[in-house]
Amino acid sequence: MDRVYAPISRPTIGSVGKTGIWRSLKPVINYDKCTGCFLCWMYCPEGTIDATDGRVSIDYDYCKGCGICANVCPVKAIEMVREE
Amino acid sequence: MPCKGYRNGERGIMTRIVLTGNHAAAYAVKLSRPDVISAYPITPQTSVIEKLSEFVENGELNVRFIRVESEHSAMAAVLGAASVGARVYTATSSQGLLYMYEVCWWAAGARLPIVMGVVTRAIAPPWSIWTDHNDILTLRDSGWIILFASDVQEVFDLTIQAYKIAETVNLPVAVGWDAFVVSHTIEPLDILSQEEVDKFLPKKKVSEHMLKVEDPFSLGNLTYPEDYMEFRYDMWKAQKKALDVISSVDEEYGELSGRRYGGTVEKNMCDDADMVLFIMGAASGDAIEAAALLRRKGLKVGVCRIRSMRPFPSDEVIKIAENVKIIGTFDRDISLGCGGIIGVEVRAAIKERGLDVPVIEYIGGIGGRDLRVQDFVEIFNDMDKLSRKGVRFERRWIGLKEEFEEGEINV
Amino acid sequence: MSRILKIIPYEEYILRGNAACPGCGAELTLRYVLKALGPKTIMVIPACCTSVIAGPYPRTAFNVPVLHIAFAASAAAASGIAEAVEQLGKKNVNVVVWAGDGGTVDIGLQALSGAAERNHNLFYICYDNEAYMNTGIQKSGSTPYGAWTTTTPTGNKGFKKDLPTIMKAHGVPYIATLNPAFPNDILAKINKAKKIRGFKYFHALSPCPPGWRFDSSMTIEVARMAVLTGMWILYEWDRGIFRLTGPSRGLLNKEKRKHVIEYLKLQGRFRHISKEDIEILQEYIDNKWEEIKSLIGRSK
């Protein structure tokens, strides 16, 4: 049986590239206010928030700047700021 | 139940039984050990799936039988099953084939070795349940391999061979046979034993591109213009490879069963013929009888029966074209606005090689219109007459009602 | 250490950097569906937003095997996969259809009905963004009354097809509604369904920022308000028993439900809705809840 050149795609982070460039607003976490509830991690549709160290951090390469994290944060620790 | 027949010195015990074409297909599928079957009933395919259901219910066939709610879903179901490595089968006709058409292209493009029986039936409107070949030929651009049987024995043989061909080139294979003339006509045939088929069709190897949880990948993502064309090109190459595979599978099957058909075409009396008629399907039997009759009268005629319509056997057409004075093509189909499909493709193949043999295109038997030996006698006589007159090309419709003659010389 | 991480599996099966719109409700829902189902999952995706979200060849965003399939065929293809994996002896593989509303309530309805009637062992999840979003926001059979779409520019005159009820009429063992504002509800329902053999249907509300016309940061607020107004009811039919889940449990009493205007005013697609139409929608919601009252605790 020969190799088939079939239309196969492999799982890749950034399947359409560095989607961070889509942003016009960027979420910035104020760690003084952050209580570590991880609601932002829970509601990020893109899964760009990392919560492994016991503290959240955002992968700005891929964050699309939707603003949901800032919207759901119960202590308003995330601010959406204009991208330069 | 099959009864044991006579002992053949080459093969040992053979089993010879009488079956309809549809039942022969069902036996062939059973012996090929499919994992999943899915089909939707349509006249005249129904007895294929009824027989398969019987095998399942009485425990002779261990398969998942999905009685789907439409043909579109039948092809989708076998496609899904094949995409995870199952050996599958479905069957349909006419309207059903047209309804599943979109998914047929999906099956070919996904490179899945699906085998489908097509009991060829004319397309509505008006409603017809009788045979012509337009339905199966709608698949000719899709990448499907299209093979055509002419009698009950060949339905059985081709269905088993189809699995081997499909799984070698990773393209789906449609096996066609004529409605009622073959599907519902009882003929004697030899069926192979399970051991013989198991030797011919070893356990299916799962191809790399079939989905598995151990190695997650996706099949069929959006593909930009800079990447799409190569997928079609690979299918093109696979179709070309299929020309050899069809022949070698025919040869291998011939070793096993004692029956060889000749690969992509079956040549009858062609070696020294001046005139050869290309034809596909059950009516070829009448054409061959007509040719034998005319041979006795001294006319050197031959019949080249097309077994593979896709891939199209251009090389075989050329081999014949190089040695004859005139070629005839018989189409039990019509590509409206263009011509008989076999006629058009034979002419294209000849032109590809720069040959200049006259080709006369005959169209008939459409909607199940009866074809007799006499019709083919008249066709060969017509070819002879046109050859003497030096005519390069004609198109004739056979058997049109008188009021439709339109000034064309009807045979 | 947040409790959330103790309840919600950490592994992501949708890889970031895909083509989903910012704030996509469907992406968030699928994130949880796959967290619950795990890696031994084969997904079938018909033509829909998600077939584009995946990203182009040779890459894809999903870390589970996926069969892309024609628009109308997802339930049928999944039926074939579900039977094949068992016949081939592959144990405990989840087969899931992830289809949009168009591919479920309209063009996919025939195959869905057939697959449900045959009760194949698979998950069918319809993510409902209430229009043909992938092709540019055209009306589907799931578009709510009064909503703007490009093919209903003065507001949809029809009412949503009630797919969960249609599935109930097919007698399938598990049916549930989902909402991305309540991820734990999603996990609980999928995990419960994993233990049930047969056809399991889910209908997920998927707020869509570009299609419903709201700022991408508002997805969770919109989704939550859908439940709090009673417009979206969280429930399950679990082997014949009906149960409300999540906040919907407390909304049987009309006073507890917010007026539908609280939900409509968040979305630009309802910007031009008339007062009469708002009352029609409110009545529609109240009637649905009256029906719910008779279903509570009903068996079979």
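This is a predicted model: local features need pLDDT of at least 70, side-chain atom pairs count only at pLDDT 80 or more; totals for chains, interfaces and linings use all residues.
How many bridges join strand 15 of chain B to strand 16 of chain B, and in which sense do the two strands run?

**Exercise 1. Describe the six-stranded sheet of chain B.**

Solution. 

Step 1. Start with the pair named above. Strand 15 (residues 326-331) and strand 16 (residues 359-363) of chain B run parallel, joined by five bridges.

Step 2. B:Gly328 has B:Ile360 in strand 16 of chain B as its bridge partner.

Step 3. Find the edges. Strand 11 (265-268) and strand 17 (393-397) of chain B each have a single partner strand, so one side of each lacks a neighbour in the sheet.

Step 4. From one strand to the next it averages 20°.

Step 5. Helix 12 (residues 341-352) of chain B lies across strand 12, strand 13, strand 15 and strand 16 of chain B. Helix 12 runs at about 145° to strand 15 of chain B.

**Exercise 2. Characterise the contact between the two domains of chain B.**

Solution. 

Step 1. Domain 1 of chain B covers 4-257, and domain 2 covers 265-404.

Step 2. Take the separation. The C-alpha centres of domain 1 and domain 2 of chain B are 28 Å apart.

Step 3. Count the contact. Domain 1 of chain B brings 24 residues and domain 2 of chain B brings 20 residues.

Step 4. Assign the domain 1 side to elements. Helix 6 (134-137), strand 7 (145-148) and helix 9 (225-257) of chain B each give at least two residues. Helix 9 of chain B has the largest share, five residues.

Step 5. Sort the domain 1 side by class. There are 13 nonpolar, six polar and five charged residues.

**Exercise 3. Work out how chain C meets chain B.**

Solution. 

Step 1. Count. The contact holds 39 residues of chain C and 36 residues of chain B.

Step 2. List the elements on the chain C side. Those giving two or more residues are strand 1 (41-45), helix 3 (49-53), strand 3 (66-68), helix 4 (74-87) and helix 6 (109-118) of chain C. Helix 4 of chain C gives the most, ten residues.

Step 3. Sort by class. The chain C side has 25 nonpolar, eleven polar and three charged residues.

Step 4. Look for strand pairing across the chains. Strand 10 (residues 218-219) of chain B pairs with strand 3 of chain C, parallel, over two bridges. B:Leu219 has C:Leu67 as its bridge partner.

**Exercise 4. Repeat the analysis for chain C and chain A.**

Solution. 

Step 1. Count. Chain C supplies 35 residues and chain A supplies 34 residues.

Step 2. List the elements on the chain C side. Helix 1 (4-7), helix 2, strand 2 (59-60) and helix 10 (219-228) of chain C each supply at least two residues.

Step 3. Sort by class. The chain C side has 19 nonpolar, ten polar and six charged residues.

Step 4. Check for pairing. Strand 1 (residues 8-11) of chain A and strand 2 of chain C run parallel, joined by two bridges. A:Arg10 stands opposite C:Arg59.

**Exercise 5. Classify the packing of helix 2 on helix 8 in chain C.**

Solution. 

Step 1. Packed helices are described by the angle between their axes and the distance between the axes.

Step 2. Read the values. Helix 2 (residues 25-37) and helix 8 (residues 183-194) of chain C pack at about 40°, with axes 9 Å apart.

Step 3. Classify. That angle makes helix 2 of chain C oblique to helix 8 of chain C. The crossing is right-handed.

Step 4. Name the residues. Helix 2 of chain C contributes residues including C:Tyr32, C:Val33 and C:Ala36. Helix 8 of chain C contributes residues including C:Ile186, C:Leu187 and C:Ile190.

Step 5. Sort by class. The helix contact has eight nonpolar, two polar and one charged residues.

**Exercise 6. Describe the hairpin of strand 8 and strand 9 in chain C.**

Solution. 

Step 1. Pair the strands. Strand 8 (residues 235-238) and strand 9 (residues 241-244) of chain C are antiparallel over four bridges. C:Tyr235 has C:Leu244 as its bridge partner.

Step 2. Inspect the turn. Two residues lie between the strands, and C:Arg239 takes a positive phi near 45°.

Methods. Residues are numbered from 1 along each chain as its sequence is written. Chains are lettered from A and ligands numbered from 1 in the order in which they are written. Two residues are in contact if their C-beta atoms, placed from the backbone, lie within 7 Å. Ala, Val, Leu, Ile, Met, Phe, Trp, Tyr, Cys and Pro count as nonpolar, Asp, Glu, Lys and Arg as charged, and the others, Gly among them, as polar. Two strands pair if DSSP finds at least two bridges between them. Axes are lines fitted to C-alpha atoms, for helices over the stretch in contact, and angles run from 0 to 180 degrees between N-to-C directions. Angles under 35 degrees count as roughly parallel, over 145 as roughly antiparallel, 65 to 115 as roughly perpendicular and the rest as oblique. A crossing is left-handed if the near helix is turned anticlockwise from the far one by less than a right angle, and right-handed if clockwise. Domain bounds come from an automatic or database domain assignment.
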